[in-house]
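Trainee: Could we go through this one together? I would like to ask about it piece by piece.

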Amino acid sequence: MTVEGKIDLLAAPDRRAVPGIGFAWLRRLAPLLESIPAMIGIALILFWVLGAALAPWLAPYPPNASDLKALAHPTPSAAHWLGTDHLGRDILSRVLWGARTVLTVAPIAVLGATAFGSLVGLCAGYYRGWIDLVITRISDIVLSFPVIILYMIILAMYGSSAINIIAVITLTKAPIIARIVRGITLELREREYVAAAKMRGESALYIMLVEILPNARGPLIVEMCLRMGYTIITIGVLGFLGIGLPPPDPDWGGMVKDTYGMMSVWPHMSLIPCAAISSLVIGFNLLSIGLREIGLRD
Amino acid sequence: MTDRETPILEFDGARISFFLRAGEANVIPGLSFAIKPREALGLVGESGCGKSTVALAIMRYLGRAGRLTAGRILFQGRDMAELDAAGLRAVRGRRIAMIYQDPMSSLNPVMTIGRQLMEVPMIHEAIGADEARARALAMLGEVKLPDAAAIFERYPHQLSGGQQQRIVIAMALIARPALLIMDEPTTGLDVTVEAAVLDLVRELRQRHESAILFISHNLGTVAQICDRVGVMYAGELVEEGTVRNVFSAPRHPYTRGLLDCLPTLGRDKHSAALRSIPGQVGSPLARLPGCAFAPRCGFAEPGRCTTAPIAPRELAADHRVQCVRVAELPEWRHPPGDGGDDRGEATGPAALTMRGLGKIYHQSQGVFGGGGRSIAALRDVELVAERGRTLAIVGESGCGKSTLARILSGLQSASAGTVDLDGTAIGDLAIDRRTTALKRRLQMVFQNPDSTLNPSHSVGYAIERALRRLKGLTAAQARRQTGRLLDTVKLSGDFARRRPHQLSGGQKQRVAIARALAGDPEIILADEPVSALDVSVQAAIINLLTEVQAARGATLVFISHDLAVVRYLADSVAVMYLGHVVEFGPAAAIFAPPWHPYTEALLSAVPEPDPDARRDRIVLDGAPPSAAAIQRGCPFATRCPRKIGAICDDTPPPEQLIAGTHRIACHIPAAELVALQEAGPPSARPASTEPVDRVLAS
Amino acid sequence: MARFFLKHLLFLCLTLLVVSFIVFVLTEFTPGDVARKVLGAYATQEQVALLTTKMGLDRPVLVRYVEYVDHLAHGDLGYSTRFKVPVKDIIFDRLANTGMLAAIAFAIIVPLSMLLGIAAGMRESSRFDRAIMLFSTVTASIPEFAMGVFLASVFVVALGWLPGTATLTGGARWSVAEQLVLPVATIVLFDLGYLVSMIRASMVEVMQRPYIRTAVLKGMPFRQVIVGHALRNAMINPVTVMLLQINYLITGVVVVETVFAYPGFGRMMLEAALYKDIALIEVGALVAVFVAVLTQILGDLGYMMLDPRIRG
C-alpha cells in the first residue's frame with residue numbers, strides 16, 4: 001500500500017455518507033430530507049402527480065359529464081365533494097384531469113426549453129466571437145419581447161393546440177436557460193481540465209457535452225425546478241385568457257375563466273382551481289429552494 | 001521591555017471548534033502563547049493548521065459555527081470574551097487592526113479609497129471629515145503611495161495588487177493600533193512587490209510601535225519581519241522561539257521537516273533530493289489522542305507519542321517544543337547547498353527551439369471592435385530546451401510566461417517567430433491542427449490542482465481517456481495502463497475509482513502528472529505545477545517530476561515565479577520581464593554574478609528563512625508598466641536601479657554573450673556589470689518619474 | 001458615454017425594425033383572411049379576391065411592409081377593426097390607463113421590496129428571514145388571476161369593502177381610487193415575491209464578501225456596515241431588475257386587467273389578438289417592444305452608474 005493510500009484513512013469522512021443506501025445519486029439527495037421547504041414541496045408535487053396519474057381511477061365522474069341535477073345546487077355536497085361548476089360538471093374530477101393536462105404539457109415544455117437552451121448556451125459560451133454575439137442578441141430580443149403579447153399573437157392567430165403551446169413556451173423559456181448555461185460555460189471553459197481535454201484532441205462537441213455540461217447540472221436542476229413553476233403558471237394564464245387548450249378539456253386556467261364571474265354567488269367554482277394551481281407551483285418553488293440550500297451547504 | 005510587562009496578546013489554553021453538520025471540528029485543541037508590546041511574533045504553518053482561525057478568534061469573528069469552547073484570549077490583560085458589543089467595536093480597528101490576504105476583495109469596490117480610509121478615525125475618534133481627510137492623506141504618504149491626492153478619489157480596481165495592499169495597511173495603521181494582525185499579507189503578490197511591502201512593514205513598525213502577529217505559510221517572509229516565531233501543526237504550537245533559534249536549530253521533527261523540504265537559493269537537485277513529509281494532515285473532526293504529527297513523524301514511538309496529549313517543554317531561553325523525544329533527537333544540519341553541480345557547459349541536443357517568438361493580443365472595445373489596443377505579451381523570445389534536461393522560465397506576473405506556455409502547448413498560436421520541436425514547426429500549429437502523434441510528444445501539467453481535474457469524472461476516467469485518445473488503446477488496455485501510471489506517481493490502484501473532491505491537492509497534482517504521462521511525451525510542459533501546494537507537498541511533487549523526467553529521458557520545461565524551486569530543479573534558466581527574455585543561461589551562471597539588473601533585484605527580493613542571510617535588498621519602485629504601452633527601449637528601464645541614462649529608454653538593449661550560452665540583455669557592458677555588482681547593490685533608488693496613471697497596470 | 005447611447009439607440013432601432021417585420025409577416029401572412037374579415041363570413045370567394053386586389057394585399061410582403069412603415073412615419077397608425085376607431089384613438093388611451101396602474105404599483109413595489117429584501121438578507125437564516133422567504137415564495141407562486149380571485153373573494157364577496165371590477169367608468173358607486181386598490185394589490189403581491197427573493201439573495205451574497213468583514217473589523221456599527229458598505233453593492237443587480245419590471249408592469253398585466261375588467265393596454269391587445277385585429281396588433285407589438293428595449297437601456301444605464309468597475 002502506498003504512503004498516500006495508507007495516510008488517506010485519516011482524511012475527512014465523507015459528510016454525505018448515509019449508511020444503507022446503495023445508489024450514489026440517492027445518497028447525494030439525502031440531505032434534502034433535512035430541508036423543510038424541500039419536503040413540503042415534494043409532498044405537494046407528489047400529491048398532484050399521483051392525482052394526475054391515477055385520475056382515471058380516482059375521479060368519481062367523467063370530467064365533461066354534466067350532472068343536471070346538481071345545477072340548482074352546485075356547492076359541495078356528498079355526491080360532489082368539491083361541488084360542480086356552472087354546467088354541472090364535477091369539480092373534483094375536472095381538477096384531477098386538469099392536473100393531468102398540466103403535468104404532461106409543463107414537463108415536456110421545460111425539458112424542451114432546457115435541452116434547446118443548454119445547447120444554445122453551450123455554443124454561445126464556448127465559441128464566443130460572433131456566434132455568441134448573435135445568440136445573445138437574439139435571446140435578448142426574445143426575452144425583451146413581452147411574452148404575453150407573443151403568446152397572444154401566435155396562439156390567437158395560429159390556434160392553440162398542445163403542440164403550439166409547448167412550442168411557444170419552449171421558445172420563450174429557452175433563452176433564460178441559455179443565459180444561465182452560457183454564464184457557466186464562459187467560466188468553465190477557462191478551467192484547466194478543459195485545456196487538458198483540448199491537448200488530447202477532444203472535439204468541441206465532446207468538451208461541451210462531456211466536460212462542461214455535467215458540471216452545470218447543479219444550477220440547471222434548480223433552474224428547471226423554477227421553470228416548472230413558472231411554466232405551470234403560464235399554462236394557467238393561457239387558459240384563463242382563453243388562448244389555452246380548447247374546451248371542453250378541463251384546464252385549471254380555463255375553469256377559472258369560466259366561473260370567476262360568478263364569484264359573488266358561487267365562489268367555490270373559481271377558488272378551487274385557483275388553489276390547485278397555486279399549491280402545485282408552491283410545491284415546485286419550495287423544492288427549488290431546498291435544492292439550492294443543499295447546493296450552498298456543500 | 002521588562003519581563004513583567006503585561007503581554008499585549010495572550011492565548012491561555014484556548015480551545016476553538018467549529019460546529020458543523022458532521023460534528024465538532026476541533027481546530028485548535030489548546031493554544032498558549034503571548035506577544036509582548038512592540039514585539040513581532042510570526043505564526044507559520046501549512047494549510048489547515050489553524051493560523052487564520054487564530055487571527056479571527058482574537059477579533060471574535062469566528063462566524064456562527066465557531067466558538068471558543070475553553071481557555072481565554074486576553075488583550076492587554078483583559079479577557080476578550082467579556083467585552084460587550086460596544087466594547088468589541090471600540091477594540092476592533094482601533095486597538096487591534098487586521099491586514100488581509102487578498103487586498104482586492106477586502107476593499108469595497110464601489111467606494112473610493114479616500115472614504116474607506118477616512119472611516120476609521122471618524123468612527124473611533126469622532127473627528128470631523130476635514131481632519132479625517134488630512135489624516136488619511138498623511139497615511140497614504142506614509143505607505144509610500146505617490147500622488148496621494150489622486151489615489152484618494154480612485155476605486156480599488158484601478159490600483160495594482162501591491163498598491164491595494166498598501167491601502168489595507170494604511171487603513172490598519174491609521175488609528176495607531178496596539179496590535180497589528182497580518183494574515184498572509186503578501187501571499188499572491190509578486191516577489192518584488194512583496195519585498196517592497198515587507199520593507200514598508202519593517203519601516204512602519206519602527207515608527208508606530210505596534211506589536212505584530214504575522215501569519216504566513218512562507219517561512220522566509222516571517223524571518224524577514226519577526227523577532228519570534230511559532231510553528232503550528234494541526235492547531236497546535238509545536239515549536240516556539242526566536243527566529244534565529246527556530247530556523248537555525250529547529251528541535252521539533254515537523255519544523256525540521258519543513259526546513260528540509262524547502263528549496264532555497266542554495267540548493268540544487270544534484271546535491272541532495274528534497275526531503276518531503278509523507279502523508280497529510282489529519283482531520284479536525286477526528287483528532288488523534290497523542291501527538292498530531294505522529295503518523296507522519298520519522299521519530300514517533302507508538303505509546304510515548306500516541307497516547308496522551310504532549311505537554312510543551314521549555315528548552316533554553318524562551319524556546320518551547322512540544323515533543324516528548326526532543327532531547328533524544330539527533331542534531332539537525334542545514335540541508336547541503338551547492339554541492340558542485342557538474343552539469344558542465346556542454347550543451348546537449350536541442351529538443352525544443354524558440355526563435356523570434358512573439359505574441360500580440362488585441363483588446364477590442366465596443367461592440368464593433370473600434371478603438372482597440374494591442375498588447376505585446378511576448379517579444380522576440382529566443383530559447384532552447386535541451387533534450388533530457390530541465391529548462392526553467394521564471395518571472396513575475398505579466399512577464400509572458402503563461403502566454404509562452406499556451407503557445408508551446410498549442411492552446412494559442414504565435415503571432416511571429418517559430419517553435420521547433422525536434423524538426424517539426426509547431427509555433428503556428430494550434431492544438432486542433434496537430435496530429436495525434438504530435439500531441440503525444442508534448443503534454444502539460446497545470447497549475448491549479450483544484451481545476452486541473454474535471455470534478456464530474458473519476459480519476460480513472462481522466463487517465464483512461466487520455467490513454468485512449470492519445471495512444472488508441474482499448475478500454476481494457478487503458479485500464480491496465482492506468483494502474484501502471486498511478487503506480488508511477490505513487491498512488492494506489494484504488495484511486496482510479498475516486499472523484500477529485502476526495503483527493504488532496506498533492507494527490508490531484510499526481511493524477512495530473514499521470515495524465516500528462518499517458519502519451520509518453522518527449523516534452524513535459526509544467527506551468528507552475530507546485531505553486532498552489534503546501535511546502536511539504538511541493539517537495540514531494542518536485543521530487544516526482546525530477547524522477548519521472550530522469551526515468552523517461554524527457555525534457556522538462558518548468559515555468560515558475562519561485563526562484564528557489566527553479567534553483568533546485570533547473571539545468572538552464574530564462575528570466576522574463578514584460579514579454580522579453582532578459583537573461584538566459586545555465587542555472588549555475590544565472591544564480592551567480594553577473595546578473596541582469598532585474599535578475600539581481602529578483603534574487604535579492606526572495607525571502608529566505610535563514611536569519612543570517614539578511615542581505616541588502618534591492619527594492620523596486622512602482623509596478624511594471626502596462627503591457628499595452630509601446631516600449632522603444634529596454635522594458636525594465638522604468639524601474640531599473642542601474643539605469644544609465646536615456647539610452648535605456650530609447651534603444652533596445654543588445655544581447656551580450658557572457659560565456660557559453662549565458663546571455664544578458666543590457667546596455668551596461670558585461671565587464672562593467674560584474675564590477676558594479678561585486679561592489680554591492682545600487683544605493684540610490686531613482687525617483688519614479690512616472691505619474692501614477694502611467695505606472696498602473698492595464 | 002456618447003458611445004453607450006449611440007450603441008443602444010442603434011440596437012433599439014434595429015430591434016424595432018426586426019420585430020415589426022416579424023409581426024407584420026405573421027399577421028398579414030394570409031391576405032385572404034384580411035379581406036374575408038372585412039367582408040364577413042358570408043362573402044363569396046370572388047368578392048374576397050376582388051377586395052384583396054383592391055386593398056393591394058396581393059403584392060409582395062416587402063413592398064407592403066415598406067408602405068406600412070411609411071404610413072407609420074406619417075402618423076397613420078391604421079384602423080382597428082375590433083374597436084371600430086382609428087388605432088391612435090384607442091391605443092394611447094389604454095396605454096395611459098395601464099401607465100397609471102403601473103406607476104402606482106411601481107411606487108409601492110420599489111420601496112417595499114427593498115425594505116423587505118434587505119432586512120431579510122441582512123440577517124440570513126433568522127426567523128424574520130425565513131418568514132420573508134416563505135412569504136415571497138408563496139406570493140410568487142400564486143398566478144395573478146388566482147391572486148385576484150383570492151383577494152376578490154375576501155374583499156369583494158365576503159367583506160364587500162371594494163368593487164369587483166375596475167372599469168373606471170361612472171364613479172357613481174365606487175371612486176376611482178377604490179376601484180384601483182385590488183388590481184394594484186394583486187400586481188404588487190405577485191411581483192413582490194419575485195423581487196424580494198432576488199434582493200434578499202443579492203444581499204446575502206454581499207454580506208459574505210470579504211470587504212464586509214473588513215468593515216466589521218474596522219469597528220463599524222452594524223447599521224453603518226449595512227448602509228455604508230453592503231447596500232450599494234447589493235443593489236447593483238436588483239436595480240436593473242427593478243427597472244425591467246416596468247416592462248412587465250406595462251405589457252404583462254393583461255391578466256389582472258382581465259380579472260378586474262380594467263380598460264388597459266394588455267386587455268386591448270388580447271382582444272385584438274382574439275379578433276385578429278391586425279392594425280392594432282402590429283402597432284401594439286411595436287409599442288410593447290419599444291417599452292421593453294427602453295427599460296433595458298434604463299437598466300444598463302443604472303448598472304453603469306452604480307458599479308464603477310463598469311465605467312472603467
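Trainee: In which strand is the place of Asp380(B)?
Mentor: This is a predicted model, so we are reading computed geometry. Phi of Asp380(B) is near 55°, a positive value in a residue other than glycine. Asp380(B) lies within residues 373-386 of chain B, and that strand is S14.

Trainee: Thanks! Where is Pro594(B) found?
Mentor: Start with its peptide bond to Pro593(B), which is cis, with omega about 0°. As for its place, look at chain B between residues 587-590 and 597-605, which are helices. Pro594(B) is in the loop between helix H19 and helix H20.

Trainee: Which strands stand at the edges of the open sheet in chain B?
Mentor: The sheet has 8 strands with mixed pairing, in the order S6-S7-S8-S3-S9-S10-S12-S11. An edge strand here has a single partner strand, so one side of it is left without a neighbour in the sheet. Across the sheet, the twist averages 20° from one strand to the next. The edge strands are S6 (96-99) and S11 (313-315).

Trainee: What is the bridge partner of Gly42(B) in S8(B)?
Mentor: Strand S3 of chain B covers residues 40-44, and S8 covers residues 211-216. The two run parallel and are joined by 5 bridges. In S8(B), the partner of Gly42(B) is Phe214(B).

Trainee: And which helix packs on that sheet, touching S6 and S7 of chain B?
Mentor: Look at residues 161-173 of chain B, whose helix makes about 175° with the direction of S6(B). The strand S7 touched there spans 179-183. The helix is H7.

Trainee: Over in chain A, are H8(A) and H11(A) roughly parallel or roughly antiparallel?
Mentor: Helix H8 (residues 162-188) and helix H11 (residues 217-241) of chain A pack at about 155°, with their axes 11 Å apart. Angles over 145 degrees count as roughly antiparallel. So H8(A) and H11(A) are roughly antiparallel.

Trainee: How many nonpolar residues does the contact of H8(A) with H11(A) have?
Mentor: On H8(A), the residues in contact include Ile165(A), Ile169(A) and Lys173(A), and on H11(A) they include Pro219(A), Glu223(A) and Arg227(A). By class, the contact has 2 polar residues, 3 charged ones, and a nonpolar group of 7.

Terms used:
Residues numbered from 1 in each chain as written. Chains lettered and ligands numbered in written order. Predicted model: local features only at pLDDT ≥ 70, side-chain atom pairs only at ≥ 80, totals over all residues. Pairing = 2+ DSSP bridges. Helix = DSSP H or I, 4+ residues; strand = E, 2+ residues; numbered from the N terminus. Axes fitted to C-alpha atoms, helices over the stretch in contact; angles between N-to-C directions. Contact = placed C-beta atoms within 7 Å. Parallel < 35°, antiparallel > 145°, perpendicular 65-115°, else oblique. Nonpolar A, V, L, I, M, F, W, Y, C, P; charged D, E, K, R; others polar.
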